[in-house]
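Please look over the sequence and the model shown here before reading on.

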Amino acid sequence: MWPYDYINPMIPYFRGAKAVAANVPQPGERGNYTAEMFQTDFPQFYSSGDSPAPLLPEAMLQAFIDQANDSVLPSRWGSMWRYAAGLYVAHFSAMYLKTYTDGSSSPAQAANNAAQVGVVKTASMGDTSISYDNSAITAGTEKWGTWNATQYGAQLVTMARMVGMGGMYAI
C-alpha cells in the first residue's frame with residue numbers, strides 16, 4: 001500500500017484514539033482507595049468501640065485494597081468508582097472471613113473451614129442425615145466466579161454490567 005520508507009499519516013491519530021479507548025487503561029493507571037475510605041464506607045468490617053480495628057488481618061485488608069486499586073480503574077467507573085472499589089474489598093474480605101479461624105488443630109479442620117456449603121436440600125432426624133443443593137453455587141460461578149458468593153460481589157457484578165454496556169441513546 002505505501003512504500004517501505006513511507007510512514008502512514010494516520011498512525012498518530014490511531015495511537016491517540018487507542019489511548020482513550022474504553023477498557024484500555026493508561027500506563028500506570030490505578031485507583032487510590034484507602035483503608036480509611038473502606039472503614040468509612042464499610043464499618044461492618046471493623047470492631048466496635050473507641051479504637052475500631054479491622055476484623056481481618058491488616059496485611060490481607062491491604063492486599064485486597066491493592067487489588068481493587070489495580071482492578072477497579074477510576075477512568076472506567078467514573079462517579080461509581082469509590083463504591084465499586086469498596087465493594088471489591090468488601091467481597092474479598094467477606095470471602096476471607098468465611099474461612100477465618102485463629103488456628104486449626106489439623107489440616108482437615110483447615111480444609112473443612114473452606115468447604116462450600118449450599119442450601120439444605122433434605123434433612124432427617126433419626127440417624128441424622130443432611131444433604132445440600134450446591135447447584136446454585138456452581139451455576140452462579142460459571143460466568144462470574146465467586147462474585148455471587150457475597151452480596152458485595154453481586155452488587156459489583158451488577159454495576160460492572162452497567163459500566164461495560166457502553167453508550168446509550170434515548171429519544
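His-91 is buried, because its relative accessible area is 0%, where buried means under 20% relative accessible area, exposed over 50% and partly exposed in between, computed with a 1.4 Å probe on protein chains only. The model is a predicted one, in which local features need pLDDT of at least 70 and side-chain atom pairs count only at pLDDT 80 or more, whereas totals for chains, interfaces and linings use all residues. Residues are numbered from 1 along each chain as its sequence is written, and side-chain values use heavy atoms, with hydrogens and water left out.

His-91 belongs to helix H5; helices (H or I, at least four residues) and strands (E, at least two) are DSSP runs, numbered from the N terminus. Leaving aside neighbours within four places in sequence, His-91 is in contact (heavy atoms within 4.5 Å) with Thr-146, Trp-147, Thr-150, Tyr-152 and Gly-153.

The 18 residues of H5, residues 81-98, should span 26 Å, and the end C-alpha atoms are 26 Å apart, so the two values agree. Along H5, the buried residues are Trp-81, Ala-84, Ala-85, Gly-86, Leu-87, Tyr-88, Val-89, Ala-90, His-91, Ser-93 and Ala-94. Among the elements that cover these buried residues are helix H2 (35-41), helix H3 (58-71), helix H4 (74-77) and helix H8 (151-163).

A pocket is defined on a 1 Å grid over the protein atoms alone as an open set of points where a 1.4 Å probe fits, with protein on both sides within 12 Å along at least five of seven lines, and lining residues have an atom within 4 Å of a point. About 160 Å³ of space lies in this second largest pocket, a volume being the space filled by probe spheres set on the points. H8 gives the largest share of the lining, three residues. By class, the lining has eight nonpolar, one polar and no charged residues, where Ala, Val, Leu, Ile, Met, Phe, Trp, Tyr, Cys and Pro count as nonpolar, Asp, Glu, Lys and Arg as charged, and the others, Gly among them, as polar.

The loop between H2 and H3 holds Leu-55, which counts as partly exposed at 42% relative accessibility. Its C-alpha atom is separated by 10.0 Å from that of Ala-94, 39 residues apart along the chain, and, not counting residues up to four places away in sequence, Leu-55 touches Gln-44, Phe-45, Tyr-46, Ser-47 and Leu-97. Pro-52 is found in the loop between H2 and H3 as well, and counts as partly exposed at 36% relative accessibility. With residues up to four places away in sequence again left out, Pro-52 touches Gln-39, Tyr-46 and Ser-47.

Turning to the whole, the protein chain has eight helices and two strands, running α-α-α-α-α-α-β-β-α-α from the N terminus on. Buried residues make up 22% of its 171 residues. The mean pLDDT, the predictor's confidence in each residue from 0 to 100, is 80 for the protein chain. Confidence is lowest in helix H7 (residues 135-144), at a mean of 63, and highest in H2, at 97.

Key: The expected span of a helix is 1.5 Å times one less than its number of residues.
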